[in-house]
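This report goes through the model from whole chains down to single residues. Keep the sequence and the coordinates in view while reading.

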Amino acid sequence: MFQLTNQPIDPAALEAMFHNEACGALVTFEGRVRNLNEERAVERLEYEVFGPLAEKEGTRILEEAMRKFAIARALCIHRTGLLEIGGVAVWVGVEAGHRGAAFDACRFVIDEVKARVPIWKKEHYLDGRSEWVETLGPGRGN
Amino acid sequence: MNRAPLKVRLQYFASLRERRGLSREELVTAAATPAGLYAELSGRHGFMLPAERVRVAVNGEFAEFSQPLKDGDEVAFIPPVAGG
């Protein structure tokens, strides 16, 4: 399940949703807002999303993870709107029989989400300026 | 052969939305593909992002820049994404 939310993400509540007794591994990733990016002091972040397509692409990534790795369940939640330093921007949880597949799938999901899902991040800096983060990534056809 | 102009619905996000100054608009265009449409919009609004760094969605799904546009299509140009 891939979800977008404009509410604070509660990792403890999300972890509590995983309780498959056949699974010996739960790997989670928590992406937090840090106070520095490329040596500029960040005050807060703003996420904009193309909602319907973001949900479709996020769901496809989780389906790919289910096919590619021996896992039982994968979940990803991504924030929209304004976040302060330390806030949880994205959370991924993967439950599997064994730790190898859980680690690999968790890494796959967060990497693919960052590369493919139409979500944009605007950094607001302490000096009052702000900028959309447009790192050189895959463009069309990739 | 001349094509009849198409009416498309455009959606803008992030840096392109700010550059354009709005989120949505309708446009009558002679462009036959998203590639032509992006070139037209870039010329008119001074988009700084080269087409190579932009993706396109048509009617809510990723599409090719070379895909023919149809009347009434909803087109969104997608600047480099930065989730996480």
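A residue is called buried if 20 or more other C-beta atoms lie within 10 Å of its own, exposed if 12 or fewer do, and partly exposed in between, with C-beta atoms placed from the backbone. By that count, 30% of the 84 residues of chain B are buried. In chain A, buried residues make up 32% of 142.

**Basis and confidence**

This is a predicted model, in which local features need pLDDT of at least 70, side-chain atom pairs count only at pLDDT 80 or more, and totals for chains, interfaces and linings use all residues. Residues are numbered from 1 along each chain as its sequence is written, while chains are lettered from A and ligands numbered from 1 in the order in which they are written. pLDDT is the predictor's confidence in each residue, from 0 to 100. Chain B has a mean pLDDT of 95. In chain B, 98% of residues reach 70 or more. The model scores ipTM 0.93 and pTM 0.93.

**The two chains**

Helices (H or I, at least four residues) and strands (E, at least two) are DSSP runs, numbered from the N terminus. Two residues are in contact if their C-beta atoms, placed from the backbone, lie within 7 Å. The radius of gyration is taken over C-alpha atoms, and the globule rule is 2.2 Å times the number of residues to the power 0.38.

| Chain | Secondary structure | Extent along principal axes |
|---|---|---|
| A | three helices, nine strands | about 50 × 35 × 25 Å |
| B | two helices, five strands | roughly 45 × 25 × 20 Å |

From the N terminus on, chain A runs β-α-β-β-β-α-β-β-β-α-β-β. Its radius of gyration is 16 Å, close to the 14 Å that the globule rule gives for 142 residues, so chain A is as compact as a globular protein of that length. Chain B follows the pattern β-α-β-α-β-β-β along the sequence. For its 84 residues, a compact globule would have a radius of gyration near 12 Å; chain B has 12 Å, which agrees.

Contact order tells its own story. Among contacts in chain A between residues at least 6 apart in sequence, 76% join residues at least 24 apart. In chain B, residues 24 or more positions apart account for 54% of the contacts with a separation of 6 or more.

**Strand 5 of chain B**

How is strand 5 of chain B placed in the structure? Four of its five residues are buried, so strand 5 of chain B is largely enclosed by the rest of the structure. Two strands pair if DSSP finds at least two bridges between them. Strand 1 (residues 6-11) of chain B pairs with strand 5 of chain B in the parallel sense, over three bridges. There, B:R9 has B:E74 as its bridge partner. Strand 3 of chain B runs antiparallel to strand 5 of chain B, and four bridges join them. B:V58 and B:V75 are bridge partners.

**The interface**

Chain B puts 19 residues in contact with 23 residues of chain A. Helix 1 (14-20), strand 3 (55-58) and strand 5 (74-78) of chain B each give two or more residues to that side. Strand 3 of chain B gives the largest share, three residues. The side of chain B that touches chain A divides into 12 nonpolar, four polar and three charged residues. Here Ala, Val, Leu, Ile, Met, Phe, Trp, Tyr, Cys and Pro count as nonpolar, Asp, Glu, Lys and Arg as charged, and the others, Gly among them, as polar.

**The core**

A nonpolar core is a set of buried Ala, Val, Leu, Ile, Met, Phe, Trp, Tyr and Cys residues joined through C-beta atoms within 7 Å. The largest has 53 residues. Those with the most contacts inside it are A:A65, A:I71, A:V94, A:A105 and A:V109. Helix 3 (residues 99-116) of chain A supplies the largest share, eight residues.

Leaving out residues up to four places away in sequence, A:V109 touches A:I61, A:L62, A:A65, A:A74, A:C76, A:V92 and A:V94.

A:C76 is found in strand 5 (residues 71-79) of chain A. A:C76 is buried, with 27 other C-beta atoms within 10 Å. A:C76 and A:M1 are 75 residues apart along the chain, yet their C-alpha atoms are separated by 6.4 Å.

**A contrasting residue**

A:R40 lies in strand 4 (residues 40-49) of chain A. With 13 C-beta neighbours inside 10 Å, A:R40 counts as partly exposed. A:R40 and A:L53 are 13 residues apart in sequence and 31 Å apart in space, C-alpha to C-alpha.
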